[in-house]
Structures are given as structure tokens and as C-alpha cells.
Amino acid sequence: MAALPAFSLADPSGADFAFPTGARTAICFVKEDCPTCNLVMPVLDALHGSGDVPLLAAGQTTDGNAILRERHALGFPLLDDAILKVSFAYDVETVPLVLLADEEGNEVDRLVGFDRAEWQAFYQAHAPNAEVDWEALPKWRPGCGSLTQDPIIAERLRAESENSPLRARRIEVAPSDDVHEFMFDQGFTDGLPVVPPTPERVLRMLSGTTRDSQDVVAEMPPNYAPATVEKIAVNAVLAGCKPEYMPVVIAAIEAICTKTFNIHGVNATTMGASPVLVVNGPIRERIGMNMRLGVLGQGTRANAAIGRAVRLAVRNIGGAKPGGTERSTLGNPMKFTMCFPEWEERSPWPALHVERGFAPDDSVVTAFAMSSGPALCVDQSSRTAKQLAGSFALSMEAAHHVRAHNSSDALLVVSPEHVDTLWRDRFTKDDIREHVQKVTARPLAELAADENVGGGVPRERLDAMPAERRERLMPKFASKDNIHIIVAGSEAGKFSGVFHGWAGGEIGSIPVSRKIES
Amino acid sequence: MTTILDPTDERVPIARSITPRTGEITGRVALLDIAKPRGNVLLDRLEQRLAERLPGITVNRYAKPTFTKPAPDALRQDIRAGNDFVIEALAD
């Protein structure tokens, strides 16, 4: 026997009726627009009139309760459960629902809808003195759906219930306040409007992941605050995500919060770096990511909202705000959002995640710390792979400073038309990398500051070097492995793009991949 | 009335208390170079000026391995254990 939930409900006069009562009690749930509820109201009145068992009847709308009382001249108080808390606690699916509780408050019998024989047996057992003309009643009538089953109401009730997965602080925004202006004032946004994270929306967002809402995904710098699944969901709502984006957002946050990626430094640097997120695997199609026309631009919700959710989480959970621990001299627009997928199917090469050790059918997000981009490489004339890779090389050499070699990573996004030029000569990704290193390899002497151009290798360091060292060739990148290559973009246009890295390797940030929950 | 959930870490900022100022520099002074270009030049000059103006103090030099990451715990502990003051040459 299951113990029924305790409750206290008021009648229209404000008098409270509490359960358990300490005696056998009938509990009933009804709603006014249900024909079957209307059918049984006189029967319930008879039960109340019998004096055999007290009746606590709850109606699901205040207005409807008044109508029922008047229409049926009820002798019993119809209690107000318009906020549906008790109906939800009782998991009422269908009305009318009648329950009989024993002295300890345990359920001993129940009626759902109207089946004359069942109701008659129930009355014979528990309210034998009730006067009901059973023959005048139909043999059977189906019940109606409880208001708690309405999808929108159900989400609100789940959010407000005691075992709700929501633990975040609730903020009441006064009716006189504009919720959007309030969120700007609180500093929750990146400067653009955000979606208000109501409990219902956050709950819906949590349905996109199987992880527990209180799981800590990462300790998020710079404040090293626990980034729970719930807090990430709140920020995903702000950013405009759909629930199905959540696994990508979670995996991306796991990736950037590793020591290897070093989001602390990426946020704090005056250089102005930001995570660039590349998505691979089946999830790209499933959540509607754009990998074709305008892939690095605006217009696709999944691309835009996932990157924005990660940035807002870093801002709100991690506490990285411009002027605080976010110290970019100029900043860059990637600090709003930068997330896109690779068009694996258009590529003749192994996809990024496969190169990085994952299976082709794994869904994976890879985070790169990039300081600028996409810098366009315009080459509409190269007819050989070697020429085109050479053009890529010179575009990449511009990263940070043409004479700054040996420092960072680059992410090259090759457009389909350029892919075709490269693949006609069967150039692999490694062939591109090696050619970039070859074309950009320059003697140290050429990389030193002179009277016309500063930066590069300090002149005094160069002057202190033996002559043969000054002539040693140094390519743009410390290793060809610092050149990351993916395919994306529309079929038309001989334009590829390069993202320029930040401080690379152990002293800065190393790209990190994380498998996405499927 | 709209109810929203707090997107932040909900930590109430705790005001940090500043070490009492004595009005004079004595004892051991740490100079911390965060490894930004020319930070060492600034600190060299500062060390020189401190030696001229405050000959009674001891100056200890420290350097972070990289400016991109917080100082390692051991370095922070060393500075704290061996000094009464610290001057850090911050970025840019």
C-alpha cells in the first residue's frame, strides 16, 4: 500500500483542509470542462452526504470550481488546486480520480473515469449509506486528461516540484521590470539580447542530455566555479540553443576547461584569443549544423548558438568578463561565437577527428585557441596543388607578424573548389603541411627587425648569433602538426580561410578534442 | 512576474583584505617577472633604484615560466615564504 502525499488545500472561504486526516478519507480530483466529472458530481455529493467517509475533492481551476459548485449545488467544499501542485504530486493522469485512504494515509482503493459497476462496488464497500440511483447512470464513461498533462503546464510543474532537477538560484524579475533590460543590467549577456532562462526552458534544455543536472562537467576558470550540467543548460538557453545541442556544448566545455587547452590564459591574454570549435561526426547532420555556404558566418542556429553558449558559460560561470580577467586589447568577434562543422563528405582526406584518433562515426568537438580569423586566402588562378598550397603558406605566414615564426597553430579551412585543385594532383593534408613549411622557411636573418620593420627576431639576438646560425632556415610553424586542415564552405568560390593561433604548445594552448555524448 | 535561473556561479564576492600598509619598505622584497618581453628590463631598473633608495633591503628575483598561465604553486609558496613584499611586473 502506497502512502499518499500530504497536502493542504483551501476552499473558497479560505478554510484549510489537510490530508492525512487521521481517519479513512476519500480524495477526489475533478475539472469543470470534463463531462464525466460533471456526471459524477451528484454521486460525490451523495458520498459526502452519507457521512460514511469524509471527502476531500479538489478542482483544477478556480473559475471551474465556482461553476461546478453552482451547477450541481454541491454540499461539500470544492478545494482549489488551480496551481496544480497537489494534482502533480498525486501524478493524476485522468479525472475524475477518486482515492480511498486508510487511517494512516495509505491508498486502499481507487476509481478512474466512470465504470458504473466499479463505482457501485466502491460505494458498497466504503460508503454503504450513500443514496445513489445507479440505474439512472450510464454504464461507462471515459475520464478526461488531467490539466497536469498539458505539455506546457507539465514542464512548469516539474520545474517547481520538490524533486526538480533545478537547483540554480531563482531570480524574480518584477512585473514592472523588462526582463531583457534586467538581464543586460545584471551583466548576463555578451552585449546582444539573450533568451530569458525560465525554469521551464532550462528543464527543456536538460532533456537534451542524459547527464544528471548536478554533474560537474568542469571547474571553470578563471573563478574555477563548478560548471554543472544545469548551469550549462541555463547558459545554453540564454544563447538560443535547442536541447539537442546540449551534448556538443557540454563536450566543448569539457575540452576548453582542460589544462592543455588553458581557457584561463585564452581569456586573460591581451592578445585577444577565443575558442574556435570544430564539430565532426554524425551529430552535424542530426542537429542541423551548416557546413556549406557561409559556414563561418551567420544564419544557422546550431552553429551560432553552440559557440555562443560556450562563450556565455565562460563569462557567467567562469567569471571571465572584459575589464576583469578578460583583458583583450582589441577583442575579436569570435568572442561572441565561433563553432562550425567540417564537411567530411566533400573531403578526399581523413576528417579532423579521425586524424586525431577517433572513429569516423564518433561525434567529436575540437577546440582551438585562435586569436584572429578567418583571414581569407584569395587564389583564383592556381592550377596546381603546389601553387595553391604555396598561396596558403603565404597567407598563414601573415599570422601575428610575417616575421614571427615558430610560435603558434593555424587552422586552415579549405573550400571545395580549392579541394578539387589540390586533389587533382592527389595532394594529401600532409603534402599541404610540408609545402607550407617549405615555402615559409626563411633564414633567421630575414626574420630580424630592421630600420623599416620591427617585430620578428630581435636584432641584438641575431647579431649575437654565429653566421651559420643566422642563415639557418626557420619555417613558420614549429612543426607541421601545428597546421590543422579541414574542409567546409560552398561549392562556388576559390577562397579558403585561415584562423591564426595564439601562444602555441605548452606555454599557451594546445588543441583538445572531446567525444560528444550520442 | 518572470522567474529566471541565475546563469552565474552564484558566489557572493568576498572583499579581499589588503595587508596593512606600514608606510615603509623593509626586509625582503620579491621582484616577479611574468615572462612578458622586456619585463626583466623594467625589473632590472627597479632593482637598481631600490638599491639606491633603500640600501637596507634584500631583493629576490623570481620569474614565471610563462605569462599565459597562473604562477605554479611552488613558485607562489617560495615567494610567500621568503619575502615581506612583492612587486610584479604585469603585462604590457
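Helix H8 (residues 229-239) and helix H12 (residues 301-316) of chain A pack with their axes 8 Å apart, at an angle of about 125 degrees. That angle makes H8(A) oblique to H12(A), and the crossing is right-handed. The model is predicted, and its local features are reported only where pLDDT is at least 70.

From H8(A), the residues that meet H12(A) are A:Ile232, A:Asn235, A:Ala236, A:Leu238 and A:Ala239. On the side of H12(A), they face A:Ala305, A:Arg308, A:Ala309, A:Leu312, A:Ala313 and A:Asn316. By class, this contact has eight nonpolar, two polar and one charged residues.

H14(A) contributes A:Lys386, A:Ala389, A:Gly390, A:Phe392, A:Ala393, A:Leu394, A:Met396 and A:Glu397 to the contact. H16(A) contributes A:Ile432, A:His435, A:Val436, A:Val439 and A:Thr440. The classes here are eight nonpolar, three polar and two charged residues.

### Chain A overall

Chain A contains 18 helices and 23 strands. Its radius of gyration is 33 Å, well over the 24 Å that the globule rule gives for 518 residues, so chain A is more spread out than a compact globule. Along the principal axes, the C-alpha trace of chain A spans about 115 × 45 × 40 Å.

### Strand pairing in chain A

Strand E1 (residues 7-10) and strand E2 (residues 16-19) of chain A pair in the antiparallel sense over four bridges. Within this pair, A:Phe7 has A:Phe19 as its bridge partner. Five residues lie between the two strands of the hairpin, and A:Gly14 takes a positive phi near 95 degrees there.

Five strands of chain A form an open sheet with mixed pairing, in the order E5-E4-E3-E7-E8. Strand E5 (78-80) and strand E8 (107-112) of chain A are the edge strands, and each pairs on one side only. From one strand to the next, the twist averages 25 degrees. Strand E7 (residues 97-101) of chain A runs antiparallel to E8(A), joined to it by five bridges. One of the bridge pairs is A:Ala101 with A:Glu107.

Helix H1 (residues 35-50) of chain A touches strand E3 (25-30) and strand E4 (55-59), and its direction makes about 155 degrees with that of E4(A). Helix H4 (residues 116-126) of chain A touches E7 and E8, and its direction makes about 150 degrees with that of E8(A).

### Chain B

Chain B has two helices and four strands, in the pattern β-β-α-β-α-β along the sequence. The radius of gyration of chain B is 18 Å, well over the 12 Å that the globule rule gives for 92 residues, so this chain too is more spread out than a compact globule. Its C-alpha atoms fill a box of roughly 65 × 30 × 25 Å along the principal axes.

An open sheet of three strands in chain B has the order E3-E2-E4 and parallel pairing. Strand E3 (58-63) and strand E4 (85-89) of chain B each have a single partner strand, so one side of each is left without a neighbour in the sheet. The twist averages 20 degrees from one strand to the next. Five bridges join strand E2 (residues 28-33) of chain B to E4(B), and B:Leu31 has B:Ile87 as its bridge partner. Helix H1 (residues 39-53) of chain B packs on the sheet and touches E2, E3 and E4; its direction makes about 160 degrees with that of E2(B).

### Contact between the chains

The contact takes 33 residues from chain A and 17 residues from chain B. On the chain B side, six are nonpolar, five polar and six charged. Strand pairing also crosses between the chains: strand E12 (residues 170-173) of chain A and strand E1 (residues 2-5) of chain B are antiparallel. In E1(B), B:Thr2 is the bridge partner of A:Val173.

| Strand pair | Sense | Bridges |
|---|---|---|
| E1(A) and E2(A) | antiparallel | four bridges |
| E7(A) and E8(A) | antiparallel | five bridges |
| E2(B) and E4(B) | parallel | five bridges |
| E12(A) and E1(B) | antiparallel | four bridges |

Note on methods: Residues are numbered from 1 along each chain as its sequence is written. Chains are lettered from A and ligands numbered from 1 in the order in which they are written. This is a predicted model: local features need pLDDT of at least 70, side-chain atom pairs count only at pLDDT 80 or more; totals for chains, interfaces and linings use all residues. Two residues are in contact if their C-beta atoms, placed from the backbone, lie within 7 Å. Ala, Val, Leu, Ile, Met, Phe, Trp, Tyr, Cys and Pro count as nonpolar, Asp, Glu, Lys and Arg as charged, and the others, Gly among them, as polar. Two strands pair if DSSP finds at least two bridges between them. Axes are lines fitted to C-alpha atoms, for helices over the stretch in contact, and angles run from 0 to 180 degrees between N-to-C directions. Angles under 35 degrees count as roughly parallel, over 145 as roughly antiparallel, 65 to 115 as roughly perpendicular and the rest as oblique. A crossing is left-handed if the near helix is turned anticlockwise from the far one by less than a right angle, and right-handed if clockwise. The radius of gyration is taken over C-alpha atoms; the globule rule is 2.2 Å times the number of residues to the power 0.38.
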